[in-house]
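Here is a short report on one protein chain. Have a look at the fold before reading on.

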Amino acid sequence: APAPLEGMRVLDLGCGAGRDAYVLAQMVGEGGEVTGVDMTEAQLDVARAYEEFHREAFGYAKSNVRFLHGFIESLADVPELQPSEQFDVIVSNCVLNLSPDKPAVLREAFRLLRPGGELYFSDIYASRRVPSSLHSHKELWGECISGALYWHDFLTLAKSAGFHDPRLVADAPVDVTDETLRALVAPIEFYSATYRLFKLPLAGSAEDAERGGLEGYRCEDYGLAAAYLGTIPDAEKVFSLDKGHRFDAGKIVPVCGNTYNMLKQSRLGRHFRFYGG
């Protein structure tokens, strides 16, 4: 989960039986709130059955979780999720690739995030487009393989939805160990990857960038820098924004304009000291 989350409002897409949602409920604390959405009523029944148990275990006066039935492609159909800009953070774990309308999922996430909010999620990606003939293969679909997005298609969809500079946090190869399935998908390579996408405006000029906008998917050097204060729980010594940006506590690190604004204009801002802006 993308720390810090204390006091945040978090949406868990495809929450299933609520395991991740309850972990998040503890991380946001009693002053925060977690909403889980899933399309399967049976899973939601399981999640709701443990709501009081976790409230007592966390020592909260009232529960800080709620579970809603809905489809992640059409969250506006859920009455509680019709108002836009409700959430500070949206998370999901291996859900996007199972959606039949991935662009709609990204658009809905963007709509529901507050300015400066973040979509943080893990999923399976492919080194090239998966043939449509494999999309209906039950085993490959169940293994989150046949629905995997081609890397570059994902980046295009994310930017089209308004997430102008997707950041890769971590990735690792996924081995298709079954020989029959491997023969079906060869020579495509698959990867498990975690991305973070910030809802920040697109800058039309250097002046816009200085006011907090992103300059598309590129890195411009304006002589900016940031120093991590070491104040994020469980990351007191080092904070990693993504694979390319590691911040040791107390060290001034030169950053591009986009990274500067991702840090400064998001919930991360109070954990950094900024220079040159």
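## A helix crossing

Helix α4 passes helix α6 in a right-handed crossing. The helices span residues 102–112 (α4) and 151–161 (α6). Their axes come within 9 Å and cross at roughly 40°. Each axis is a line fitted to C-alpha atoms over the stretch in contact, and angles run from 0 to 180 degrees between N-to-C directions.

From α4, Pro103, Leu106, Arg107 and Phe110 make the contact (heavy atoms within 4.5 Å). From α6 come Leu157, Ala158 and Ala161. By class, six of these residues are nonpolar, none is polar and one is charged. Here Ala, Val, Leu, Ile, Met, Phe, Trp, Tyr, Cys and Pro count as nonpolar, Asp, Glu, Lys and Arg as charged, and the others, Gly among them, as polar.

## The model

This is a predicted model: local features need pLDDT of at least 70, side-chain atom pairs need 80 or more, and totals for chains, interfaces and linings use all residues. Residues are numbered from 1 along each chain as its sequence is written, and side-chain values use heavy atoms, without hydrogens and water.

## The whole chain

The chain has nine helices and 13 strands. These are DSSP runs, numbered from the N terminus: helices are H or I with at least four residues, strands E with at least two.

Of the 277 residues, 51% count as buried, meaning under 20% relative accessible area with a 1.4 Å probe, protein chains only. Among contacts between residues at least 6 apart in sequence, 72% join residues at least 24 apart.

Key: Left-handed = near helix turned anticlockwise from the far one by under 90°. Buried < 20%, exposed > 50% of the residue type's maximum accessible area, 1.4 Å probe, protein only.
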